[in-house]
Amino acid sequence: MTNGTATPTDLDTRLEAHRTELTGYCYRMLGSSFEAEDAVQDTMIRAWRSYDKFEGRSSLRSWLYRIATNVCLDTLTAGNKRARPMDLTESTPLAQAALTPRPDNTWLEPMPDARVLPTTDDPAEAAIAKESVRLAFMAALQQLPAKQRAVLILREVLAWKASEVAELLGTSVASVNSALQRARATLAERKEPGADATVSDPLDEDQQKLLDRYVAAFEGYDMSALTALLHEDAVMTMPPFDLWLTGVGDITGFMTTLGAPCAGSRLVPVQVNGLPGFAQYKPDPEKGGFSPWAVQVLEISDGRITGFHCFLDTQRWFPLFDLPLHLEAETDQVEQGA
């Protein structure tokens with residue numbers, strides 16, 4: 001089939017086949033779940049409108065990546081750079097903890113795996129894809145200039161050849177290689193919290209047992225049990241608040257003071273940013289049952305939880321993860337939507 005003979009239905013099908021991988025690419029570029037989906041939609045519309053000019057000198061996939069890259073670079077010209085709380089402030093001792101929110105466009109956002117990780121039969125390819133959407137790697141990408149970011153993702157995550165990237169960006173192979181070298185050097189200089197997270201795919205037996213113990217400790221609000229699961233230097237973040245805490249004492253101390261209303265919560269497993277996570281539902285004293293409170297993303301290393309990241313804007317996150325906005329009192333668990 002050539003572009004001259006494609007019917008609207010044929011074209012829609014061919015474009016949609018690339019949506020998940022393009023969303024993953026735009027998400028890595030932009031650090032925002034919703035901006036990524038908007039960028040892909042813009043890419044699809046531009047492709048639809050200009051398909052009659054597509055000469056087929058490159059593959060449809062390469063052409064779509066060129067459009068998506070331009071959309072992302074246009075978005076990033078405003079200088080917006082997504083961050084985690086530890087990128088913006090120092091760790092706060094519990095005694096000085098204050099919940100100060102920052103605007104939504106400040107934060108690196110969570111993303112369901114299913115929206116950004118295409119299905120593959122290659123375990124190595126799947127592992128690279130998962131590692132490249134983890135919060136620590138995403139935060140590191142945000143430190144790169146936009147074109148270096150694109151080069152690093154295309155070369156090291158998607159395994160494009162330097163010549164292919166040069167053609168996409170309208171530049172030389174030497175320029176691509178130089179940008180990749182600078183990007184690698186920048187990332188090597190940074191030590192992102194959570195960069196050492198090691199999660200098997202699928203989870204190994206010990207990791208699954210750790211998560212089972214975590215669910216029991218959190219739902220039971222058992223701080224002694226939770227203490228046994230946290231690394232001594234574990235980090236807790238709570239966007240949109242810029243507060244972040246370090247160490248078991250401050251984390252459990254927060255949970256029993258400012259976080260005390262979370263006692264009695266229910267946790268529903270989710271797959272998020274290539275890591276294990278949970279949707280947290282907090283008891284609702286007005287309606288009964290449980291109401292959404294946070295999407296939790298856990299980082300694990302050497303058999304302990306090293307990162308405990310709670311994204312609190314539930315009116316945005318729970319629909320993104322196809323999660324209900326209420327659990328009945330008798331419902332301890334709910335299947336995540338397709």
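**Entry 1: Lys209 and Glu205**

I started with Lys209, which is partly exposed in this predicted model, its relative accessible area being 45%. I then turned to Glu205 and found 58%, so this residue counts as exposed, the cut-off for that class being over 50%. The two side chains meet in a salt bridge, with N to O at 3.3 Å. How far apart are Lys209 and Glu205 in helix α12? They are 4 residues apart in that helix, which spans residues 205-219, so about one helical turn separates them.

**Entry 2: the wider search**

Next I asked how many salt bridges a search of the whole structure finds. The search gives 13. I also noted a network, in which salt bridges with shared partners join Glu35, Arg82, Glu109, Asp313 and Arg316.

**Entry 3: Glu16 and Arg19**

I looked up Glu16 and found it in a salt bridge with Arg19, where the closest N and O atoms are 2.7 Å apart. Glu16 has a relative accessibility of 41%, so I list it as partly exposed. Arg19 is partly exposed too, with 23%.

**Entry 4: Arg61 and Glu21**

My next pair was Arg61 and Glu21, a salt bridge whose closest N and O atoms are 3.0 Å apart. Is Glu21 buried or exposed? I put Glu21 down as buried because its relative accessibility is 17%, and buried means under 20%. Arg61, at 31%, counts as partly exposed.

**Entry 5: Asp87**

I finished with Asp87, which lies in helix α5 (residues 85-88). Its relative accessibility of 27% makes Asp87 partly exposed. Which backbone atom does the side chain of Asp87 reach? I found the backbone nitrogen of Arg84, at 2.8 Å. I then set aside the neighbours within four places in sequence and looked at what else Asp87 is in contact with: Ala139, Gln143, Arg190 and Glu192. For Glu192 I also checked the spacing from Asp87: they are 105 residues apart in sequence, and 9.2 Å apart in space from C-alpha to C-alpha.

Conventions. Residues numbered from 1 in each chain as written. Predicted model: local features only at pLDDT ≥ 70, side-chain atom pairs only at ≥ 80, totals over all residues. Heavy atoms only, no water. Helix = DSSP H or I, 4+ residues; strand = E, 2+ residues; numbered from the N terminus. Buried < 20%, exposed > 50% of the residue type's maximum accessible area, 1.4 Å probe, protein only. Contact = heavy atoms within 4.5 Å. Polar contact = N/O pair within 3.5 Å; in protein donor to acceptor, adjacent residues only side chain to side chain. Salt bridge = Lys/Arg side-chain N within 4 Å of Asp/Glu carboxyl O.
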